[in-house]
Amino acid sequence: MQKDQAFPELAVLRETFESGKTRDLRWRRSQLLALERFLIEREGEIAAAVHDDFRKSPAETFLTETGYLRGEIRFALKHLKSWMKPRKVFVPLIYQPATGSCSREPFGVVLIIGAWNYPFNLCLAPLISAIAAGNCAVVKPSEHAPRSAALIAEGLGHYLDRSAITVIEGGVEEAKALLAERFGYLFFTGSRSTGREVMLAAARHLTPLTIELGGKCPCIVEERSDLRVAARRIVWAKFLNGGQTCLAPDYVLVHERCEAELLRQMQEAITHFYGDDPRLSPDYPRIINQDHFLRLEKLLVGSPAWSGGKSELEERYIAPTILRGVTPMSPVMESEIFGPLLPVIVYTELSEALDIIRRVDDPLALYLFSSDPAVQDRVVRHSRSGGVCINDLLFQAAMHKLPFGGFGQSGFGTCHGKAGFETFSFQRSLLRRSLFPDPDLRYPPYSRRKFSFLKRLVTFFQV
Ligand code: NAD
């Protein structure tokens, strides 16, 4: 028996799914187009909401939220028909006459739990995939970005089919209550500790799930790399969103011969991007709440800043900060920083850098600056991470054709583009056999002769 008393909207969603409405290509397309209209018509309100939540600039919100999502919708609209097409499979001789195919089926009513740091992106990118795959969906945005969460609830209620898609606002209590319900699929983005709880809740109903977590993403800067470009790109990727990006370079590993020049170039880039006093820059966000601010301040006390280091509780401002003289044992290397502090660790041999990466974490992303193809190959071959980007950062997650996701402690499962569509659907096999012929061969009794013939048949004609 389904227990939808706590969330009466779930009963409506289940009924809609059972009606088959959401499986229809036209319905999927209409919802994706409606979501696109929401992003276009309400772009200003979206930027204002994110700005209210943590003072992120409209340009960054466009680049990382609305702009990205619009691309994701266009990509899905372009490919949806072919993604939905059942895949024909070859039928081996012993199973003939027959035809085989495999289709992608929606799970039903799915639950999407988002984190606050990209409040629209992290709720709506999975929603795009869920809709594309023909599901009904419940979206639970994070309570830590309340203006964004309210706009998601109001906007989706206004633009999308309310009988199939609903937003439930709230915090831990609401999330836990939702997880007590049975869903067809869970898609969670957030911290490792919450991820564990979500997995336990999923186990109760044997619900399949994707878990997108964080981690410490390393960035190696090798000797033969353009240090000016490397510095500008690292600074941009690190301090975007105030450093509160799961994919941000958590720490830099730099060859000892380039350390001084890289530091100089990074400081120059910080001043160039955010001015002499980044507190006054309209492009520099704030820390989301006091708890995170105090956590980051504590890290600052334990690892003195080489540059930056200023903080102000009232505004939840922490300056773009570079930490020098860090070792893998420093407190700042214990867990994901998730804020505007950038530790720089020096190495002499590339193998040392690769050892550190292996010891520190299972990173969501790994970055490398090097123009040497041999070095690039070596780093990719001798490391593990959810994704890799060479000579740049973050863009591996912006490509709709590249699956995005973690591995090990940084999560499992993928999203974006076709990978997202596949995440929100399961493969259903279909074999259509003919009723004729119906030889006795497979039926008992199995005489020695029959068994020996069967053995040969299965051994040689099965594939
Ligand atoms: P969080 O785990 O505190 O919260 C995430 C969501 O889970 C929120 O909606 C919250 O209400 C809900 N939640 C909280 N407690 C819950 C519980 N007991 N059961 C079920 N749901 C619960 O994470 P956060 O602070 O919002 O996000 C920051 C973390 O997310 C960082 O570690 C970051 O690296 C990670 N992150 C990962 C990705 C990715 O794609 N891999 C993207 C963004 C953020």
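Where is aspartate 392 found? Select it and you land in the loop between strand 16 (387-390) and strand 17. Helices here are DSSP runs of H or I with at least four residues, strands are runs of E with at least two, and both are numbered from the N terminus.

Before going on, some ground rules. This is a predicted model, where local features need pLDDT of at least 70 and side-chain atom pairs count only at pLDDT 80 or more, while totals for chains, interfaces and linings use all residues. Residues are numbered from 1 along each chain as its sequence is written, and side-chain values use heavy atoms, with hydrogens and water left out.

**Stop 1: the loop**

Keep aspartate 392 selected. Aspartate 392 is buried, with a relative accessible area of 15%; buried means under 20%, exposed over 50% and partly exposed in between, using a 1.4 Å probe and protein chains only. Show what surrounds it: leaving aside neighbours within four places in sequence, aspartate 392 is in contact with Arg233, Tyr367 and Phe369. Contact means heavy atoms within 4.5 Å. Now look at the side chains of aspartate 392 and arginine 233, which are joined by a polar contact of 3.3 Å. That term covers a pair of N or O atoms within 3.5 Å; within protein, one must be able to donate a hydrogen and the other to accept it, and residues adjacent in sequence count only if both atoms are side-chain atoms.

**Stop 2: helix 9**

Next, select residues 227-239, which make up helix 9. Its 13 residues reach 18 Å from first C-alpha to last, close to the 18 Å expected at 1.5 Å a residue; the expected span is 1.5 Å times one less than the number of residues. At the start of the helix, a side-chain oxygen of aspartate 226 comes to within 3.1 Å of the backbone nitrogen of arginine 228. After the helix comes asparagine 241, with a positive phi near 60°.

Colour the buried residues of helix 9: Leu227, Ala230, Ala231, Ile234, Val235, Ala237, Lys238 and Phe239. They pack against several elements, including strand 8 (217-221), strand 9 (249-255) and helix 10 (259-274).

**Stop 3: histidine 255**

Move to strand 9 and pick out histidine 255. Is histidine 255 buried or exposed? It is buried, with a relative accessible area of 4%. Beyond its neighbours within four places in sequence, histidine 255 touches Val221, Glu222, Glu223, Tyr347 and Thr348.

**Stop 4**

Now for an open sheet of six strands, in the order 5-4-3-6-7-17, with mixed pairing. Its edges are strand 5 (165-167) and strand 17 (411-412), each of which pairs on one side only. Two strands pair if DSSP finds at least two bridges between them.

Select strand 3 (residues 109-113), which runs parallel to strand 6 (residues 185-189) and is joined to it by four bridges. Among the partners there, valine 110 goes with tyrosine 185 in strand 6. Five bridges join strand 3 to strand 4, again in parallel. Across that pairing, isoleucine 112 has valine 139 as its bridge partner, and isoleucine 113 stands opposite lysine 140.

**Stop 5**

Switch to a surface view. On a 1 Å grid over the protein atoms alone, a cavity is a set of points where a 1.4 Å probe fits but cannot get out, and a pocket is an open set with protein on both sides within 12 Å along at least five of seven lines; lining residues have an atom within 4 Å of a point. Grid points are joined across faces, edges and corners, and a volume is the space filled by probe spheres set on the points.

The second largest pocket has a volume of about 480 Å³. Of its 16 lining residues, Ile94, Arg433, Pro439, Arg442 and Leu457 lie nearest the centre. Helix 15 (residues 448-461) gives the most to this lining, with three residues.

How many cavities of 30 Å³ or more are there? The count comes to two. The largest cavity holds about 40 Å³ of space, and its lining includes Lys238, Gly243, Asp250 and Phe338.
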